[in-house]
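Visitor: Please take a close look at a single part of this model. I would like one side chain described together with its surroundings, and then the chain around it.

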Amino acid sequence: MFFALRRLGLGVLSLVYGDFALQWQPVPASLPGRTILAYVSGAVMVLCGAGLLSRRTASLSSSVLLVYTLIWLLLLKLPHVVMAPLQEFNWLGFGEIAMIVAGSLVLFALDHGQPDSSTLKLATGESGMRIARFLFGLAVIPVGLSHFVYAKETIGFVPAWIPFRPAWAYLTGAGHIAAGLAVLFGIVPRLAALLEAAMIGVFTALVWVPLVVKGPTSQLNWTGLLISWTIAAAAWVIAGSFSNKQSSSQVPDDLRGGARGPS
């Protein structure tokens, strides 16, 4: 629910401002029809976010959302990594959106079961969830590394009233890396993903919420808040994918909240 609502919120933001998600969605200003595409993008996120909340439309919505998020990752983030692979900032941006892709893939895998004849069998059921967890584990690591590479900037995000600000910047960076490795190697992976979600949630509450309160008309502040919340929700979705060992055609209760039954 949190994941769906945050995607819906990002869509509303695109419709309100007629724009994409700023540096998190760096569509070139020179692109023909950019504003129209921004409205289309916003509408897709609104419809898919709302669709995830209904059992009738969940399957279609998770499919469209996965494709949309993959396009976001591959067209807007991957080229920067390829062109400048030694710039950690590019890996940070790639990792953040890859975490959202991983959450989208979990929902897609759950909603589509694992039919024997499916051409997308690798991305459905338990197979799809394993891929999503692997992607998530890899994606979190560069996010953690950025806390060390860009220590000064990271420390600047820590609220001034919190003591030992540098220590918190380095500690959270290490926490991201530890969570990624734990998910990758299956070392209490559910707990690791939950702690990752909690850490990003706290960051969202301490950094972006005050910025939105201080500047409620700022597109940057609202975009940062919703992106950060979406990443936290994606980590929560990943944690939920570890929650039970039932067959891949069924859906973990804490992902569906009882509202959406087996696919």
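Guide: A polar atom of the Arg133 side chain lies 2.5 Å from the backbone oxygen of Ser241. The model is predicted, and this distance is computed from its atoms. Arg133 sits in helix 5, which covers residues 125-149. Its relative accessible area is 11%, and because the cut-off for buried is under 20%, Arg133 counts as buried. Apart from neighbours within four places in sequence, the residues in contact with Arg133 are Glu126, Val183, Ile238, Ser241 and Phe242.

Of its 263 residues, 49% are buried. Among contacts between residues at least 6 apart in sequence, 67% join residues at least 24 apart. The accessible surface amounts to about 12,800 Å², and carbon and sulfur atoms account for 73% of that.

Another arginine, Arg34, is among the buried residues of helix 2. That helix runs over residues 34-51 and has 18 residues. From first C-alpha to last, helix 2 reaches 25 Å, close to the 26 Å expected at 1.5 Å a residue. Its buried residues also include Ala38, Ser41, Gly42, Met45, Cys48, Gly49 and Gly51. Helix 1 (2-17) and helix 3 (55-83) are included in what covers the buried residues of helix 2.

Conventions: Residues numbered from 1 in each chain as written. Predicted model: local features only at pLDDT ≥ 70, side-chain atom pairs only at ≥ 80, totals over all residues. Heavy atoms only, no water. Helix = DSSP H or I, 4+ residues; strand = E, 2+ residues; numbered from the N terminus. Expected span 1.5 Å × (residues − 1). Buried < 20%, exposed > 50% of the residue type's maximum accessible area, 1.4 Å probe, protein only. Contact = heavy atoms within 4.5 Å. Areas by Shrake-Rupley, 256 points an atom, 1.4 Å probe, with all protein chains shown as cover. Polar contact = N/O pair within 3.5 Å; in protein donor to acceptor, adjacent residues only side chain to side chain.
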